[in-house]
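User: I have a structure to go through and some questions about it. Can we take it topic by topic?

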Amino acid sequence: MMSRKLFFAAAITWLFVTCPQASYGWGAWGHNHITKGAILALPAEMRIFFYNHADFMIEESTVPDIRRAVMGDKSEGPRHYINLEKYGYLNEALPRTEEEAVARYGRTEVNEYGILPWHVQDMMKKLTAAFKKGNRTEILFLAADLGHYVADAHVPLHTTVNHDGQITGQQGIHALWESQLPELFGKDYKLYVAEPRYLKNPEKAIWDVIDSSYSLVSKILVPEHRMKLDNPQDKQYLMGPDGAPQKNKYGQPIHQYVYAHVYHELLNGMVERQMRKAIQFTASCWYTAWVNAGRPDMSDWVSETVT
């Protein structure tokens with residue numbers, strides 16, 4: 001029987017080779033580093049337990065994408081985004097829960113519009129319950145899942161109907177911003193953050209994240225749109241012998257390094273800042289769930305041999 005690690009290695013490979021849309025969500029590089037950073041940011045009472053299981057957590061950080069694209073879980077897709085314009089964002093009060101959204105708009109529409117912030121709230125409640133029970137495996141799995149959705153919430157293009165620039169003729173910008181840029185330039189990012197803060201109102205906190213992410217959408221689209229107008233296609237992409245842009249293993253066009261570098265500079269550190277915010281907020285969500293569970297003593301959960 002295939003081991004768990006071999007299964008996920010094979011699944012991730014299949015995911016990114018055959019399902020280009022699945023690369024949306026920071027990509028494996030981003031999710032892995034956000035999870036690592038969040039573990040290191042935890043206070044001492046929590047850090048050793050999570051650090052001892054860091055390999056498991058990092059591996060699990062991409063599982064939501066596997067459920068969506070490899071396992072065909074139809075309920076998974078809407079958890080990764082929210083198309084705010086579809087909910088009348090800024091014009092009307094948004095539902096407080098997924099149930100309220102379904103009651104107002106209908107299940108079909110909600111599955112199309114996305115449920116990301118509501119799902120984060122639900123995952124925090126489940127993680128709190130797991131801490132109360134002291135179920136270590138459940139805690140690790142839920143924390144990794146929660147971190148994935150929190151990371152997605154910090155990708156501005158996960159908050160808009162124009163999620164891949166398809167409305168503005170900028171197809172491919174999603175993967176460029178959240179995958180290619182951090183993979184090319186992330187080695188220089190400073191991803192250590194301060195210890196987490198307690199979230200007195202998790203519902204407001206996640207909506208503040210969504211609001212902040214959405215405010216950056218135009219700052220992502222506008223400079224790249226201008227670059228497209230100023231550069232012919234062969235200056236934007238690596239071109240194949242057939243005269244068409246070369247595609248990477250994700251099925252996305254490969255941007256020229258110079259093009260990506262100029263765009264990265266125009267963003268003025270935005271990708272790094274969003275990763276840092278995702279790390280800080282992920283750790284804060286884990287910490288808040290632990291505090292709300294009564295601060296269970298995690299020192300008894302640590303194996304001396306592993307430590």
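Analyst: What follows goes through the fold, the aromatic rings, a helix, a pocket and some single residues.

User: Before that, what kind of model is it?

Analyst: This is a predicted model.

User: OK. How many helices and strands are there?

Analyst: The protein has 15 helices and zero strands.

User: And how much of it is buried?

Analyst: Of the 307 residues, 52% count as buried. Among contacts with a separation of 6 or more, 75% are between residues 24 or more positions apart.

User: Aromatics next. How many aromatic pairs?

Analyst: The count is 12 aromatic pairs. One of them is tyrosine 87 with tyrosine 113: the ring centres are 5.2 Å apart and the planes are at 85°, so the pair is edge-to-face.

User: Where do those two sit in the chain?

Analyst: Tyrosine 87 is in the loop between helix H5 (63-69) and helix H6 (98-105), and tyrosine 113 is in helix H7 (residues 107-113). They are 26 residues apart, and the pair links distant parts of the chain.

User: Is tyrosine 87 buried or exposed?

Analyst: Tyrosine 87 is buried, because its relative accessibility is 0% and the cut-off is under 20%. Tyrosine 113, at 14% relative accessibility, also counts as buried.

User: How does the ring of tyrosine 87 sit against tryptophan 118?

Analyst: The centres of the tyrosine 87 and tryptophan 118 rings are 5.4 Å apart and their planes are at 90°, so this pair is edge-to-face. Tryptophan 118 belongs to helix H8 (residues 116-133) and tyrosine 87 to the loop between H5 and H6, so the pair ties together parts 31 residues apart in sequence. Both tyrosine 87 and tryptophan 118 are buried.

User: Which residues form the aromatic cluster?

Analyst: Tyr87, Tyr105, Tyr113, Trp118 and Trp207 form one cluster.

User: Stay with H8. How many residues does H8 have, and how far does it reach?

Analyst: H8 has 18 residues and reaches 26 Å from its first C-alpha to its last, close to the 26 Å expected at 1.5 Å a residue.

User: Which residues of H8 are buried?

Analyst: Leu116, Pro117, Trp118, His119, Val120, Gln121, Met123, Met124, Leu127, Thr128, Ala130 and Phe131. What covers them includes helix H3 (44-52), H6, helix H9 (136-153), H11 and H15.

User: What comes just after H8?

Analyst: Glycine 134, which takes a positive phi of about 75°.

User: Switching topic. What volume does the largest pocket have?

Analyst: The volume of the largest pocket is about 270 Å³. Its lining has 14 residues, and Thr97, Trp118, Gln121, Asp122 and Lys125 lie nearest the centre.

User: Which helix gives the most to that lining?

Analyst: H8 gives the most, with six residues. H6, H8, helix H11 (202-214) and helix H15 (270-292) each supply at least two residues of the lining.

User: How do the lining residues divide by type?

Analyst: Three are nonpolar, five polar and six charged.

User: Now single residues. Where is glutamate 92?

Analyst: Glutamate 92 is in the loop between H5 and H6, and at 41% relative accessibility it counts as partly exposed. Not counting residues up to four places away in sequence, glutamate 92 touches Tyr87, Arg104 and Tyr105.

User: And histidine 255, where is that?

Analyst: Histidine 255 is in the loop between helix H13 (233-236) and helix H14 (257-266). Its relative accessible area is 4%, so histidine 255 is buried. Leaving aside neighbours within four places in sequence, its contacts are Gly172, Leu176, Gln180, Glu224, Gln236, Tyr237 and Leu238.

User: What about arginine 295?

Analyst: Arginine 295 is not a glycine either, and has a positive phi of about 50°. Arginine 295 is in the segment after H15 and is partly exposed, at 45% relative accessible area.

Terms used:
Residues numbered from 1 in each chain as written. Predicted model: local features only at pLDDT ≥ 70, side-chain atom pairs only at ≥ 80, totals over all residues. Heavy atoms only, no water. Phe/Tyr/Trp six-rings, centres within 6.5 Å; stacked < 30°, edge-to-face > 60°. Helix = DSSP H or I, 4+ residues; strand = E, 2+ residues; numbered from the N terminus. Buried < 20%, exposed > 50% of the residue type's maximum accessible area, 1.4 Å probe, protein only. 1 Å grid on protein atoms, 1.4 Å probe; cavity = no way out; pocket = protein on both sides within 12 Å on 5 of 7 lines; lining within 4 Å. Points joined across faces, edges and corners; volume = space filled by probe spheres on them. Nonpolar A, V, L, I, M, F, W, Y, C, P; charged D, E, K, R; others polar. Contact = heavy atoms within 4.5 Å. Expected span 1.5 Å × (residues − 1).
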